[in-house]
Structures are given as C-alpha cells and as structure tokens.
Amino acid sequence: MLLADYSLLRHNTFGFDARARYAMRIDSVEAACALARDERIAGMLQLVLGGGSNIVLTRDFDGVALIVDIAGKRVIGEDGDAWLVEAGAGENWHEFVSWTLAQGMPGLENLALIPGTVGAAPIQNIGAYGLEMGERFERLHAVELATGTRAEFDREACAFGYRDSFFKRDGRGRFMITSVVFRLPKQWTPRADYADVARALENSTKRDAQAIFDAVVAVRRAKLPDWTKLGNAGSFFKNPVIDAAAFDALKQREPDIVSYAQADGQVKLAAGWLIDRCGWKGRGIGGAAVHERQALVLVNRGGATGAQVLELAEAIKRDVLERFGVDLEMEPVCL
C-alpha cells in the first residue's frame, strides 16, 4: 500500500515530525524485490528506514520512505565452533539479543539495549562495552533497489570499520538489507572488563552471558536517556582516534584526558569527555541540547528541529577543534 503525506514521527528516535511524500511498508523479501517494478514510485527518491535510531531528519522527504518490517528469527545451522542465527531486518535489535540468550546462544549480550533494528546494525557496525557487531557477523542478504536483484554480502564485502560500513558510504541508498546472519561462538568467553560493566557486576558472583546482559542494560538505563521519553539517537559523535605523537602533545596540555590505547599504536579519545570539558553538558540551542548526564548524547527536549540539532553539533565541533585540535565526526546519517 502506498501511503501519502506520511508522518515519520514514529520512525525516528529523535522524535522529529518530518513527513514523507509517500511511504510503503516492506514486510518481505519479495516486496523489496518488487519495488524496482512499481511504476507508482518510478524515479522517486527512496529512503530506507528501520527503527530510525541513526538518522537526523532536517526536512520533509520528497520521495517514498520504505519502512522495513521484515520479521523472523531462526537458527539456520551450526558447526563445531558456532551456531548460525538469522534474523529479519525489521526485528527489534534488543529483543533479538534477548532471544539468542534464551536459546542458550551467547555472544551478543554486550550489545543489549542498543535501539534500532537488526537490519540497521551492520550499516553502523554497532558496538558497545568492548564488542562490535562485526565480530559476530557472518553474512547478510539485501536487495538492490534500482534492479530488484538479491545480493549477499560477507564480512569483507561489508567493509566494516569503526561505526562504519560499505552501506554508509558507497552502498548508501543503493541496497535494502533484508536479513542478517550471525555466528555465535560455542566456546564463549565473557567480556566483562569494560569499566562500567565491571562496576555493575561488582556485587555479583555471576559472569555468565545473562549477567552481562543485565549489567549492560542497567548501565545504559542509568547513563543514557530513554528515546521514547526524551528524543535522541544515542551517541552522536564517534570517539576520535589520533596518532601517538598527537596524543603525547595533547596529554602535555590536558594531563587528565580520558584515552584508550589501540592495538595499532594509535589512541582513542573519549568524545564525551572532550565535549564536557568544553562546557557543553546540559547546554543547548532551542529544543536541542546536550544531555546533562552524558555529553556524547544530543537530545530533543521538545519541539527541536533537525536543523537545530545540526547547529548544536557544529557548535560543539568548533569548540572541541579549537581547544583540543581534534575534529569530531558525527555518527548519525543526516537527511
């Protein structure tokens, strides 16, 4: 069904009431393939939307919004090392993670409570608390929008990087992801040494996957705003990575800077710390503001527009660059 003048309010976690000229709900691979043959939308701009947790809508969309609602999750195989689990692109990510644990298949617990859908996870290569999705990724299935052709992408083809992938760059707007296959290890090793998670587990003797899942949920709920109550897109900026020489010079000026050494000799900085030191925590422009508990999160306090969020983001970037010589990069995609 082609829906006219469609509100995208429920399809972006910032809560912007932008509108699409048209919208279509895509609930199967066949429906995705058929888009290329649909004369009603021929020549129109197309916007693929899942949970809308990684997008800033700065205006109405003069095209057709494709709402991905492909459901289903199943175990499709196993070998001596791992289980292979497939989920439809429209499945809620957090609920999928919880489901894998209920099946006795750990491996994704550190990524609990990240908003969005399964299909969006590879685009952003979501990560948290010592784990990136790409580490558990096996392959994905997609449809090329222009031709309706089905395609399969392995890890190499996805070109995962830090909060990055082929689908955020060269593949942006070209493909609709329809399902994702994950490889969950049978010889599971807990990752519970991330500082916040470790503190949440201090009073517990358990270190199983469910305990880590519960700890991650508790940490995220304590630090990050619930997007259903306070619009946001989670972490708005990537943690910047700089070379060792630049870090040494920076540390001379800022001895207490928060940093994480990387395996390749570079150093990752905590973007939230940089923003906080520039005095932005709790401040805003119009209805757009920096969250008072987590400077890495920009929020819609009510009535904010996407343009105001971008204006706020640019002001933050300027201050961080001026004080630290570090150029912040935004995580969300901006329309």
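Visitor: With which residue does Arg 21 form a salt bridge, and how far apart are the closest N and O atoms?

Guide: Arg 21 forms a salt bridge with Asp 62, and their closest N and O atoms are 3.8 Å apart. The term salt bridge denotes a side-chain nitrogen of Lys or Arg within 4 Å of a carboxyl oxygen of Asp or Glu. This is a predicted model, in which local features need pLDDT of at least 70 and side-chain atom pairs count only at pLDDT 80 or more, while totals for chains, interfaces and linings use all residues. Residues are numbered from 1 along each chain as its sequence is written, and side-chain values use heavy atoms, with hydrogens and water left out.

Helices (H or I, at least four residues) and strands (E, at least two) are DSSP runs, numbered from the N terminus. Arg 21 counts as partly exposed, at 42% relative accessibility, whereas Asp 62 counts as exposed at 52%. Here buried means under 20% relative accessible area, exposed means over 50%, and partly exposed lies in between (1.4 Å probe, protein chains only).

Arg 19 forms a salt bridge with Asp 5, with 2.9 Å between the closest N and O atoms. Arg 19 belongs to strand 2 (residues 19-26) and Asp 5 to strand 1 (residues 3-7), 14 residues apart. Both count as partly exposed: Arg 19 has a relative accessibility of 28%, and Asp 5 one of 48%.

A further salt bridge joins Arg 163 and Glu 132, whose closest N and O atoms are 3.4 Å apart. Arg 163 lies in the loop between helix 4 (155-158) and strand 12 (175-185), and Glu 132 in strand 9 (residues 131-132), so this pair ties together parts that are 31 residues apart in sequence. Arg 163 is buried, with a relative accessible area of 12%, while Glu 132 is partly exposed at 25%. In total, the structure holds 23 salt bridges. As a general principle, side chains of opposite charge can pair when their charged atoms come close.
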